[in-house]
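Thanks for making the time this morning. I would like to walk you through one structure, taking the helix packing first, then a helix and its surroundings, and then the charged pairs.

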Amino acid sequence: MVGIKRIKRIRHRSSVLVALVAGLALLLAACGGGNDNSSSGSSGGSSGVTDLGKQLPAAIQQSKQLKVGSDVAYAPVEFFKVGTQDVQGIDWDLAQAMGQKLGVTVSFANTTFDGIIPALTAKRFDVIMSAMSDTPERQKQVDFIDYFNAGTSILVKKGNPEGIQSLDDLCGKTIALQKGTTQVDVATGQQSKCQAAGKPKINVLTYDKDTDAQLQVRSGRAIADMNDFPVAAYAAQTIGGGSDFEVVGEQIEAGPYGIGVRKDDTQLRGALQGALKAIIADGTYDQILQKWNVSKGALKTAAINGGQ
């Protein structure tokens, strides 16, 4: 969670000029709803932990369970199927594929984005996978395995009544953002530029969910939302049948999403990096990104803490 994220953090989430489509293929398993609920995924075979999975910490090898913390409200990166608590999205599919390489079952624990790193530190789950941009500031708290590239996009009402095309156009305006995201950092960084241009600062409203931020734009309380490009594009295409929003301007501050791991969990970090490299090598990774129409965000290196 640019998305994500999404998707800077700076983060961000990316240089992904992608056109997302509404008709998405269905093939996913379940996950928890509400804050911190969880449910099991379906990855991992009956034959047990694989050779690659034997690199995992002993406790995870024994339980054959990997619990992922995620803010499941960031379509198309991770979100619930309509009317269910079943998770779908880019992160879900990648996590399941990695779980199969390790021979473990992957489940998602749904939580708010701004508290997700403290929850990881408190060991409420094993890793974070939530469109989280790998940034130097976050690297002070957790390690990242980079798996996707995305940038921030500006989302406005359909027809762009305010004529917004860039961050400079947001000076003196009210915008709505999700708490704890790179987009808040982007808006904060823009404030000095507004002042230098002799313009008022941006009035930033923050919310627990990006869907709440979008509501402020639809209601007219805010003139723009910012989020990761995949998320912004998906929202513009699907919400209100594509009649509520549009994406304007160019992507801002592209950078990698990372799987967050506690700094002392080096064994887990190494196993997950190996699993990511394995799905990149066998083509599964590319197939998943193609499914969600985000192939331009592909990374091929699975770098550790590659965000700048």
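Before the first contact, one convention: an angle between axes counts as roughly perpendicular when it falls from 65 to 115 degrees. Please also keep in mind throughout that this is a predicted model.

With that in hand, look at helix α2, residues 90-102, and helix α8, residues 266-281, which pack with their axes 9 Å apart and at an angle of about 105°. Since that angle lies in the range from 65 to 115 degrees, α2 and α8 are therefore roughly perpendicular to each other. On the α2 side the contact is made by L94, A97, M98, K101 and L102, and on the α8 side by A271, L272, A275, L276, A278 and I279.

Let me move to α5, which runs over residues 182-196. At 1.5 Å a residue its 15 residues should span 21 Å, and its end C-alpha atoms are 22 Å apart, which agrees. Just after α5, G198 takes a positive phi of about 75°.

Now to the charged side chains. As a general point, side chains of opposite charge can pair when their charged atoms come close.

One joins D208 to K179, with the closest N and O atoms 3.4 Å apart. D208 lies in the loop between β9 and α6, while K179 lies in the loop between β8 and α5, so this pair ties together parts that are 29 residues apart in sequence. D208 counts as partly exposed at 36% relative accessibility, and K179 is likewise partly exposed, at 30%.

A second pair is K173 with E162, where the closest N and O atoms are again given as 3.4 Å apart. K173 and E162 are both in the loop between β7 and β8, 11 residues apart. The relative accessible area is 29% for K173, which is partly exposed, and 42% for E162, which is partly exposed as well.

In a third, the side chains of D244 and R218 meet at 3.8 Å, N to O. Here D244 sits in the loop between α7 and β11 and R218 in helix α6, 26 residues apart. D244 is partly exposed at 22%, as is R218 at 42%. Beyond these pairs, D143, K263 and R269 are linked in a network of salt bridges.

My last stop is D126, in the loop between α3 and β6. Is D126 buried or exposed? With a relative accessible area of 18%, it is buried, because the cut-off for that class is under 20%. Leaving aside residues up to four places away in sequence, D126 touches I60, Q65, L66, K67, L120, R262 and L268. Of these, R262 is 136 residues from D126 along the chain, yet their C-alpha atoms are separated by 8.1 Å.

Key
Residues numbered from 1 in each chain as written. Predicted model: local features only at pLDDT ≥ 70, side-chain atom pairs only at ≥ 80, totals over all residues. Heavy atoms only, no water. Salt bridge = Lys/Arg side-chain N within 4 Å of Asp/Glu carboxyl O. Helix = DSSP H or I, 4+ residues; strand = E, 2+ residues; numbered from the N terminus. Buried < 20%, exposed > 50% of the residue type's maximum accessible area, 1.4 Å probe, protein only. Axes fitted to C-alpha atoms, helices over the stretch in contact; angles between N-to-C directions. Parallel < 35°, antiparallel > 145°, perpendicular 65-115°, else oblique. Contact = heavy atoms within 4.5 Å. Expected span 1.5 Å × (residues − 1).
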